[in-house]
Amino acid sequence: MSRALRVVLALAIALATSLAGCSAERAPLSADARPGCITDFDPATDYFPDKSTLSEAGNFRLTYHRSYQVLTVNRPYLGGKPVSYVLVRCGAPAPELTGELAGAQQVTVPVRSLYSGSTTHLAMISELGQADVVTGVASPAAVADPQIRRRIDAGAVVGYAPGGQVNIETVLHAGPDVLVTPGMDDPGYPKLREAGIPVVADAEWLEATPLGRAEWIKVFAALTGTESQAGRAYQAIRDRYRELAVQAASTKPVDVLVGTMYSGSWSMPTGASYAGRLIADAGGAYPWLTDGGAENRQLNFESVYARAGHAPLWLVTDDWKAVGDAVSQDSRYGDLTAVRSGQVWSATKAIGPGGGNLYWERGTARPDLLLGDLVAILHPELASSDREFEFYRQVAR
Amino acid sequence: MKARTALVLAGLALAVVVLAVLGLALGPVRVPLADTVRVLLGSDASDPRWQVIVANMRLPRVLTALAAGAALGVAGLQLQTLFRNTLADPYILGVSSGASLGVALVMLLGGAAGAGFTAGMAGASRAGATIAAALGAAAMLTLVLTLSRWTRSAATLLLIGVMLGAASTALVSLAMVYADPQRVQQFLLWGLGSFAGTGWDDLRLLLPLVAVGLAAAALTIRPLNALLLGESYAATMGINVRRARVVTVGSASLLAGVTTAFCGPIAFIGLVVPHVARIAVGTSDHRAVVPAVTLLGAVAALACGIVSQVPGSNVVIPINAVTALVGAPVVITVLLRARRGSGMP
């Protein structure tokens, strides 16, 4: 073995042991005094008096034990197998688990620092009054949430995956209490888990319904110990959403055109998709609402035009300032009825300084606001005249 | 002109007309034939929707396929002769990658640097993307050609082209990492290739540019014939080799770049059409092969365009899937048969 190689090896071993040391330091569950911790552990006490119950979400479940709860995510990412996390109230001894849970990831809760992989988490966390827990986001530029924005500007939040790929070393160095994924897999996650940083999957985007997605606020409640706030907030959201949907269902459905075209191919949400459900619940109709499958379908413009080109309303997510921008992007848009009558609505009213759109970010947490916008567009007679739009704006003629 | 060449060209011209008519008559939506004819003759259709579908969707699609096919066929032929390599084509030599890089820079990073969060390739930047694609194509081709001075080996040169293509693809992925996901999605769709992405606005740019490129390519017929026998031979024939290279590279970049900007990087047509055309006319003489590749390129693109817009169906099949899946077996058969029959290289 050459001398240089030996030096490199020695360095590598030193680094590995020091990293292992780091993770060993983080592992003990009886952390120093922090709020919400058990100081005087009694195995007979129920340390989760506020329990979340789920009504709409189908992709996760929570089960409670005295000093820990188990969060199970059925599909942590598209094609992923179910995974369980053991959330242990801090101050309690690590539970001795058997069977499937024996090797499960343990997270000490409430967490003091959280790395968030998707901007859709942020509105939920802010809603729970826990914005101060967020210390890292995947891409700070994409954040529009005002509370998190302030923290980013103050330097309290770092970016750990600005280009889409997790920078493992940044995360290892900061050592957050938990990293919450955007519901996609990343080769870096197993490495982080090995190093003692809990990685919890948030796959709310795999929920079929808007209310199901919003209910993931209860996952953040489980992580931050805010079950009662989450329960109240979610119930209010669900009640408003259902009330709006009932109102809209009493009207005659309005034809809408959804999606836009690129390179001659029109991306159309199916009826089973999140966007499709929202439009159906808002009292809208379009020919592909009966299609199954949660993914968007790529259609040719001829079919879309022949079957839906006459719709009086068009809902888009393109940031067009005026209808003319649509036509200059593709002159064939000019043949659509909604373009001719100027009834084009864009979900780009609330765009943050870095280009992040609250429609994606807050719309997931607050489907009631999103549905309110859609009902007001589709059935203006149902909305009060002084209603302010949250996410949508009418594209200027 | 030999009788065989005349016959082949007449046959190809007929095929172009037939396929163009089919392209207008066939589409995902069933439009009555009488209405199609009425719209084309300038009178009103029985349903205003047919008017829009035939005049604003199918006609641009057919014209785009026509222009793109001719452009790619001619560019492929020029490059094969210039590099004296039968595997050369805009795609393999990295010209398409260069064009993609140009488009990626405009499309993925363009708006991010500017003040506005403009949606993807909006009207104004469409022209920008076209220019960027042509410049990217020209830069790549010039680089390959410059490097060709240091090597006599065609295989090395081809390898260099492939490497440069890989390098520009790497730059594209770098740009994608830092771009808005919605734009990345658009860029990926563009990369699948389509003749259906163009409207009349785009054709006002696409058609004249392809016409200029084809006219310039026509000027290279004589020098290319001389270059078939080597550069020193061409020089003794009184050909200004340097000028011939510049014009060839220029027109090939324009043709490939413009096509790539509007239709995405389209594989296969530029590589294969020249081979089939040479077999069909039975000669390598560019006076016969250039018109043949123009027509055959259009035929191939029109046919692929019809298949990609599956009649009676909602869905779209990307052009690149059609060119490769439908075209490859056909061409392999043609090549093998021709080799067995005539012993042509």
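In chain A, the centres of domain 1 and domain 2 are 33 Å apart, taken over C-alpha atoms. Keep in mind that this is a predicted model. The bounds come from a domain assignment, which places domain 1 of chain A at 19-236 and domain 2 of chain A at 252-394.

Next, the contact between these two domains. Domain 1 of chain A puts in 20 residues, and domain 2 of chain A puts in 21 residues. On the domain 1 side, which helices of chain A each supply at least two residues? They are helix H2 (119-127) and helix H6 (210-214). The largest share of that side comes from H2(A), with 6 residues. Sorted by class, the side of domain 1 of chain A that touches domain 2 of chain A has 12 nonpolar residues, 5 charged and 3 polar.

Now to the contact between the chains. How many residues of chain B are in contact with chain A? The count is 30 residues of chain B, in contact with 27 residues of chain A. Looking at the chain B side, three stretches each supply at least two residues: helix H3 (48-82), helix H7 (181-192) and helix H8 (200-219). H3(B) gives the largest share of this side, 5 residues. By class, the side of chain B that touches chain A has 16 nonpolar, 11 polar and 3 charged residues.

To recap, there are two contacts to find in the structure. Within chain A, look for H2(A), which supplies 6 residues to the domain 1 side. Between the chains, look for H3(B), which supplies 5 residues to the chain B side.

Terms used. Residues are numbered from 1 along each chain as its sequence is written. Chains are lettered from A and ligands numbered from 1 in the order in which they are written. This is a predicted model: local features need pLDDT of at least 70, side-chain atom pairs count only at pLDDT 80 or more; totals for chains, interfaces and linings use all residues. Two residues are in contact if their C-beta atoms, placed from the backbone, lie within 7 Å. Helices (H or I, at least four residues) and strands (E, at least two) are DSSP runs, numbered from the N terminus. Ala, Val, Leu, Ile, Met, Phe, Trp, Tyr, Cys and Pro count as nonpolar, Asp, Glu, Lys and Arg as charged, and the others, Gly among them, as polar. Domain bounds come from an automatic or database domain assignment.
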